[in-house]
Amino acid sequence: MSNISANWSYPNAFKLGRGRITELADACKSLGMKKPLLVTDRGLASMAITKTALDILEDAGLGRSIFADVDPNPNEKNLDAGVKAFKDGGHDGVVAFGGGSGLDLGKCVAFMAGQTRPVWDFEDIGDWWTRANVEGIAPIVAVPTTAGTGSEVGRASVITNSATHVKKIIFHPKFLPGVVIADPELTVGMPKIITAGTGMDAFAHCLEAYSSPFYHPMSAGIALEGMRLVKEFLPRAHREGTDLEARANMMSAAAMGAVAFQKGLGAIHALSHPIGAVYNTHHGMTNAVVMPAVLRFNRKAIEDKIARAAAYLGIAGGFDGFYDYVLKLRAELGVPENLSAMGIAPDRIDELSAMAIEDPSAGGNPVPMTLENTKALFHDCF
């Protein structure tokens with residue numbers, strides 16, 4: 001099955017398969033774009049895969065425009081610059097290209113290009129999304145180059161407030177890209193550390209969605225199969241970067257994780273978001289670092305549920321077997337043992353804990369998060 005190819009219509013038009021980047025221009029035209037802006041991060045701007053995407057757009061008469069002033073944890077300054085580039089260039093759509101940072105910012109540029117309110121007015125709180133001018137939202141084609149965030153199938157973007165160092169989730173149903181091009185060949189050049197970090201992000205999405213106490217059996221089922229794909233294919237993708245079967249299955253797992261977390265996330269993300277905002281760490285790798293401590297923290301509430309998941313994944317020993325598997329996977333992927341090994345000092349635990357309990361992900365944790373137990377959890381992560 002090394003040449004996996006599929007077209008899905010759930011949750012959006014999803015085109016998976018080797019070489020399918022060649023369909024990029026047709027995807028743009030299908031959404032009415034005549035002059036798209038390709039939004040990506042600085043690291044990808046000069047890479048061959050980005051040049052290929054720009055060549056495809058230019059050869060199809062769609063121009064050759066790129067915006068790449070995007071930080072690893074994109075903020076409102078990046079967003080303002082992207083919106084300015086979109087308007088100054090007379091663009092009518094966005095190709096969101098890259099990992100989570102490029103995808104999130106690209107989607108938000110397409111959204112904010114037609115708004116007059118500040119971006120923080122569209123935070124994922126209640127019905128704030130209804131404030132948006134729907135007519136001003138530009139169409140989006142998403143092209144993931146990693147397999148982790150699943151932002152290509154998401155209806156939100158995570159934007160860091162550069163003044164407060166707090167990550168905010170900006171939401172609107174039309175953040176969902178119209179078309180996704182998921183070509184595993186684009187992920188072949190990922191360094192091992194990025195393959196590991198993004199893959200563990202997909203696993204964290206599935207694990208937390210599955211563990212969430214909210215009722216959403218469809219998402220729970222997707223989360224289970226997503227964990228199975230990560231278990232089978234992430235070590236292969238990490239060992240041999242050119243394994244296209246493993247790469248394609250990890251792209252599927254990433255999308256599944258993002259679909260599944262409609263059910264909720266939890267303490268892994270509630271801790272990871274403030275750490276990433278304050279210390280600019282890689283999101284997926286931070287998730288992987290705090291994962292064992294969060295499993296211990298939640299054990300009483302999820303022990304039976306995790307035992308069922310372990311059985312599905314072919315892991316013996318119930319919760320303990322699953323926990324040991326997570327430790328073994330982390331070691332195989334070179335994940336730092338704890339936050340100290342990640343280079344973070346425990347001198348801002350009070351600040352991080354206050355940020356964590358306010359994070360939207362905290363509400364989905366199986367064990368209610370308080371300031372005191374979150375401080376203890378952070379100490380455990382060191």
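1. Which loop does histidine 165 lie in? The model is predicted. Histidine 165 sits in the loop between β7 (156-161) and β8 (166-171). Its backbone deserves a look: phi of histidine 165 is near 60 degrees, a positive value in a residue other than glycine. Histidine 165 has a relative accessible area of 38%, so the residue counts as partly exposed.

2. With a relative accessible area of 47%, asparagine 280 is partly exposed.

3. Check the cis peptide. The bond from tyrosine 10 to proline 11 is cis, and omega is near -5 degrees. Proline 11 belongs to the loop between β1 (5-8) and β2 (13-17).

4. Now the cysteines. How many disulfides does the structure hold? The count is zero. Take cysteine 28: the closest cysteine sulfur, in cysteine 108, is 19 Å from its own sulfur, so the pair is too far for a bond. A disulfide needs two cysteine sulfur atoms within 2.5 Å. Seen from the other end, cysteine 108 has its closest cysteine sulfur in cysteine 28, again at 19 Å and too far for a bond. Cysteine 28 is buried, at 0% relative accessibility. Cysteine 108 is buried too, with a relative accessible area of 0%.

5. Next, helix packing. The axes of helix α6 (residues 192-211) and helix α8 (residues 244-260) come within 8 Å. They cross at roughly 40 degrees. The two helices are therefore oblique to each other. The crossing of α6 past α8 is left-handed.

6. Which residues of α6 and α8 make the contact? From α6 come Thr195, Gly199, Ala202, His205, Cys206 and Ala209. From α8 come Arg247, Met250, Ala253, Ala254, Gly257, Ala258 and Ala260. By class, the contact of α6 with α8 has eight nonpolar, four polar and one charged residues.

7. Last, alanine 354. Is alanine 354 buried or partly exposed? Its relative accessibility is 36%, so alanine 354 counts as partly exposed. The residue is found in helix α12 (residues 349-358). Alanine 354 and valine 153 are 201 residues apart in sequence. In space, their C-alpha atoms are 30 Å apart.

Methods: Residues numbered from 1 in each chain as written. Predicted model: local features only at pLDDT ≥ 70, side-chain atom pairs only at ≥ 80, totals over all residues. Heavy atoms only, no water. Buried < 20%, exposed > 50% of the residue type's maximum accessible area, 1.4 Å probe, protein only. Axes fitted to C-alpha atoms, helices over the stretch in contact; angles between N-to-C directions. Helix = DSSP H or I, 4+ residues; strand = E, 2+ residues; numbered from the N terminus. Parallel < 35°, antiparallel > 145°, perpendicular 65-115°, else oblique. Left-handed = near helix turned anticlockwise from the far one by under 90°. Contact = heavy atoms within 4.5 Å. Nonpolar A, V, L, I, M, F, W, Y, C, P; charged D, E, K, R; others polar.
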